[in-house]
Number of protein chains: 2
Amino acid sequence: MVRQPLTPEQVEAGRRLGARLRRARAGRDLAEVAHAAGVSPETLRKIETGRLPSPGFGTIVCLGEALGLPVQELAAAWRGDDLPLGAVS
Amino acid sequence: MVRQPLTPEQVEAGRRLGARLRRARAGRDLAEVAHAAGVSPETLRKIETGRLPSPGFGTIVCLGEALGLPVQELAAAWRGDDLPLGAVS
DNA sequence: GATACGACTGGTATTACTATACCGGCAAGT
DNA sequence: ACTTGCCGGTATAGTAATACCAGTCGTATC
């Protein structure tokens, strides 16, 4: 085996992570935040919409910094330990 | 542009991250830890040696859990905010 | 000393995915 | 209508993740 496709669970995790990031960004301009984090706007948008389910570690760290969001939060969102119930939009 | 190669800084960051992981693993068997984290031993070895400078976010989260290492620590190692001086083996 | 065992290393190969860019479309605000 | 910002689709270079292999080092065992 070489590299099996992402499991649905990983895709789900990516979606949670993206939702968390989007919520943290709130009003700020997407392109602005992306630039501050050192990633392209396109990439950030795809992460937020869950189309990049498992971004690079550094990418997430930089985004967390740009958003003032602790990495721990993002890890929790990724694992799903974050929104135990139907929390939030 | 499509995806420019990793910058030397990113490679450096990957090396720091790998070193941190290796230190955290300490005595434990590499294969055992890798299995616990849900990654292949080969992959973990490459991360530890810095040959995978920018692993997936989920990969690092799982490894951190398997090693009992907070993600924040790993993020700090990645950024270099961790070992200000010549700290440690 | 030679052999064997165990764990780590560097190299190569392969597939799936990331990160980026460009496009046309759609909704809201001016 | 025009601009601004987000969206989904497509395309592409480069990487992640995995596997296999041969070589090395240290510790035993013979």
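Predicted model: local features only at pLDDT ≥ 70, side-chain atom pairs only at ≥ 80, totals over all residues.

Me: What makes A:Ala66 count as buried?

Reply: The call rests on a count of C-beta neighbours: a residue is buried if 20 or more other C-beta atoms lie within 10 Å of its own. A:Ala66 has 21 C-beta neighbours inside 10 Å, so it counts as buried.

Me: Which residues does A:Ala66 touch, leaving out those up to four places away in sequence?

Reply: A:Ala66 touches A:Val33, A:Ala36 and A:Ala37. For a sense of distance, take A:Arg79, 13 residues apart from A:Ala66 along the chain: the C-alpha atoms of the two are separated by 21 Å.

Me: Why is helix H4 of chain A called largely enclosed by the rest of the structure?

Reply: Helix H4 runs over residues 57–67 of chain A, and eight of its 11 residues are buried, so the helix is largely enclosed by the rest of the structure. The buried ones are A:Phe57, A:Gly58, A:Ile60, A:Val61, A:Leu63, A:Gly64, A:Ala66 and A:Leu67.

Me: What do those buried residues of H4(A) pack against?

Reply: Elements of both chains. In chain A, they pack against helix H1 (8–25), helix H2 (30–37) and helix H5 (71–79). In chain B, they pack against helix H1 (8–25), helix H4 (57–67) and helix H5 (71–79). Just after H4(A) comes A:Gly68, with a positive phi of about 65°.

Me: Which other residue has a positive phi although it is not a glycine?

Reply: That's A:Ala26, with a phi of about 55°. Most residues other than glycine have a negative phi. A:Ala26 sits in the loop between H1 and H2 of chain A.

Me: What makes up the contact between the chains?

Reply: Chain A gives 15 residues and chain B gives 15 residues. On the side of chain A that touches chain B, the elements giving two or more residues are H1, H4 and H5 of chain A. H5(A) has the largest share, five residues. By class, that side has nine nonpolar, five polar and one charged residues.

Me: Why are H5(A) and H4(B) called roughly perpendicular?

Reply: Their axes come within 11 Å and cross at roughly 95°. Angles of 65 to 115 degrees count as roughly perpendicular, so H5(A) and H4(B) are roughly perpendicular to each other. Where they meet, A:Ala75, A:Trp78 and A:Arg79 come from H5(A), while B:Phe57, B:Gly58 and B:Val61 come from H4(B). By class, this contact has four nonpolar, one polar and one charged residues.

Me: Which residues come nearest to DNA strand C?

Reply: Of the 22 residues around DNA strand C, the nearest are A:Pro5, A:Ser40, A:Thr43, A:Pro55 and A:Gly56. Helix H3 (41–49) of chain A and helix H3 (41–49) of chain B each give two or more residues to this surface. H3(A) gives the most, with three residues. By class, there are 10 nonpolar, six polar and six charged residues.

Me: And which are the closest to DNA strand D?

Reply: B:Pro5, B:Ser40, B:Thr43, B:Pro55 and B:Gly56, out of 24 residues that surround DNA strand D. The elements giving two or more residues here are H2 and H3 of chain A together with H3 of chain B. By class, the surface near DNA strand D has 11 nonpolar, six polar and seven charged residues.

Conventions. Residues numbered from 1 in each chain as written. Chains lettered and ligands numbered in written order. Buried ≥ 20, exposed ≤ 12 C-beta atoms within 10 Å, placed from the backbone. Helix = DSSP H or I, 4+ residues; strand = E, 2+ residues; numbered from the N terminus. Contact = placed C-beta atoms within 7 Å. Nonpolar A, V, L, I, M, F, W, Y, C, P; charged D, E, K, R; others polar. Near = placed C-beta within 6 Å. Axes fitted to C-alpha atoms, helices over the stretch in contact; angles between N-to-C directions. Parallel < 35°, antiparallel > 145°, perpendicular 65-115°, else oblique.
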